[in-house]
Amino acid sequence: MTTGEPNCFGSEEFLAKSGSIVMSVRGRAEFIEVFHNELPEDPSDIIEMLRAELAPLESWCEFALAYYDQHRHEQFRDILLSVVDAFDVYELQDLYRQDRLQFKTGRLRILNLLAASSTSTFAMHRVRSDVRDTLTNATLHFIGRADEIDTNYPDTMLCKAIFWMNQCSSDGRALENAAYYASAVLRLKNCSMAAKLANGIIAFHERSYCQALGLFLASLQYKQPFRGTIYAAIGVCAMCLDEMRVASCAFERALALEPTNVGGLVFIASLRAANVRVHSPLDETAMRLTTKAIELDHAFSPALSQLAHCLFWNWRRAFRARVINGSRELLCKEGAPAVMTHGCDVRLGSDGDDAVQARVVDVHYDDTGTTITLSDAVHLDESRVTTGTSAELTIFWRNTPLIEELASRAYHSTEDPATRAEAYFILGRTHHARGDLEQAVLYYSQACKLDPNYTLAHFRLAQAHAARGELEVAAERATEANRLMPKINEVCLFDCAYATCRCW
């Protein structure tokens with residue numbers, strides 16, 4: 001912090017580039033300059049200085065935002081809350097006697113900053129009811145105080161729109177309320193980049209992907225620090241419109257602007273994974289991108305689900321083992337992975353669906369090697385037996401417990417019904433693959449309940465019912481899957497087959 005005569009540069013652009021905040025000293029022709037990198041951990045001194053100098057409300061906002069830009073959110077709130085308590089102090093009102101409009105806009109800005117902060121924190125703690133209730137009450141308190149000053153202020157309406165967007169999982173009319181306020185902001189302030197983004201998000205949730213894409217593209221004309229996030233949103237819209245090349249370009253641009261953009265990392269990984277055929281080697285780049293996304297945000301549900309999908313469809317070629325025909329044991333001298341535990345699945349000889357598959361129930365390590373005990377006895381074809389009654393085969397394995405853990409984390413990290421439905425679907429697939437049809441049906445049914453338009457969940461549910469001999473229910477599920485997406489060959493054939501069986 002420095003003091004001195006007013007600087008001769010006099011340019012807001014210079015002050016912005018210098019990384020400091022300059023404030024005049026009350027009653028003297030001097031100034032105080034505080035550099036951003038010198039902001040103290042405890043903002044008490046800053047608050048006392050602002051109070052002593054009867055600093056303009058804009059200066060309070062500058063210091064608060066400087067803390068916010070450094071991800072010091074607690075200090076950001078402390079500064080703004082301190083000045084909120086002084087709104088009714090006579091000295092502060094007297095300072096703005098000549099400019100009531102500036103006092104009004106300053107108060108509105110501070111209240112809306114606090115409301116926006118509470119709303120964004122709500123999004124990060126949405127599944128903790130105690131935190132959620134506290135943040136909801138705080139947001140409504142600040143919005144209410146702002147409405148007492150001006151009921152038609154655009155920024156307050158924008159805060160209301162964002163607040164209602166965060167309530168979508170618990171209130172059936174939340175999206176309608178959000179759309180009302182977001183549209184009102186555009187009518188009052190058509191040049192608002194934030195309003196266009198809010199309307200774009202609402203349009204996306206209403207499945208109006210073309211409209212959402214147009215609003216996201218329009219928001220790019222404004223200068224803002226999170227262009228990478230907007231490009232990621234454009235990529236998601238393009239994916240929903242089946243424009244995969246456009247989506248790929250948008251995600252690559254998002255990562256070029258923000259290498260740590262979690263959404264860009266996950267969705268470009270999903271595009272790469274979609275181009276890998278089943279039973280082809282795992283796309284290591286897709287795995288690396290998804291893992292990086294989880295490291296950046298361990299509670300980002302799409303990343304957790306994406307990694308679970310990758311691990312489910314790709315069997316790892318790990319080691320060779322001696323298999324005794326009719327035995328439940330695999331004998332491996334070396335190469336068995338240390339992470340293989342109870343619950344993992346193995347395939348013997350190949351990673352194809354026709355391979356012998358079993359579940360690991362125990363792994364024992366000793367000086368002579370590793371003994372893996374399976375859930376079922378292995379019965380080999382005569383062509384595979386090479387020595388007496390045994391054969392040495394390549395073992396492929398899948399870490400099913402990790403897949404189920406990732407799916408569970410994805411479910412508990414969000415309240416979005418579609419994302420939770422995907423987590424249930426993954427759990428259904430793991431149980432279906434090991435032959436536990438009863439649990440598979442339960443998980444698939446929950447996925448269909450959470451997201452009635454989840455075609456693949458209906459299709460797999462039909463398959464599970466058919467495998468249990470429940471052909472009538474299977475036919476109903478297959479018909480629903482065909483109604484949702486009639487162009488998928490597998491769905492059409494399945495539906496036709498069971499319609500024929502029903503006629504017989």
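1. His71 counts as exposed because its relative accessibility is 66%, and the cut-off for exposed is over 50%. The model is a predicted one. His71 sits in the loop that joins α3 (57-69) and α4 (73-84). Its phi is near 60 degrees, a positive value in a residue other than glycine. Most residues other than glycine have a negative phi.

2. Arg207 also deserves a look. Its phi is positive, near 65 degrees, and it is not a glycine. The residue comes just after α10, in the loop between α10 and α11. Arg207 is exposed, with a relative accessible area of 51%; the cut-off is over 50%.

3. Helix α10 covers residues 193-205, 13 residues in total. From first C-alpha to last it reaches 19 Å, close to the 18 Å expected at 1.5 Å a residue.

4. The buried residues in α10 are Met193, Ala195, Lys196, Leu197, Ala198, Asn199, Gly200, Ile202 and Ala203.

5. Helix α16 (residues 301-313) has 13 residues, which should span 18 Å at 1.5 Å a residue; the end C-alpha atoms are 19 Å apart, in agreement.

6. Of the 13 residues of α16, 10 are buried, so the helix is largely enclosed by the rest of the structure. Those buried are Ser301, Ala303, Leu304, Ser305, Gln306, Leu307, Ala308, Cys310, Leu311 and Phe312.

Definitions and conventions: Residues are numbered from 1 along each chain as its sequence is written. This is a predicted model: local features need pLDDT of at least 70, side-chain atom pairs count only at pLDDT 80 or more; totals for chains, interfaces and linings use all residues. Side-chain values use heavy atoms; hydrogens and water are left out. Helices (H or I, at least four residues) and strands (E, at least two) are DSSP runs, numbered from the N terminus. The expected span of a helix is 1.5 Å times one less than its number of residues. Buried means under 20% relative accessible area, exposed over 50%, partly exposed in between (1.4 Å probe, protein chains only).
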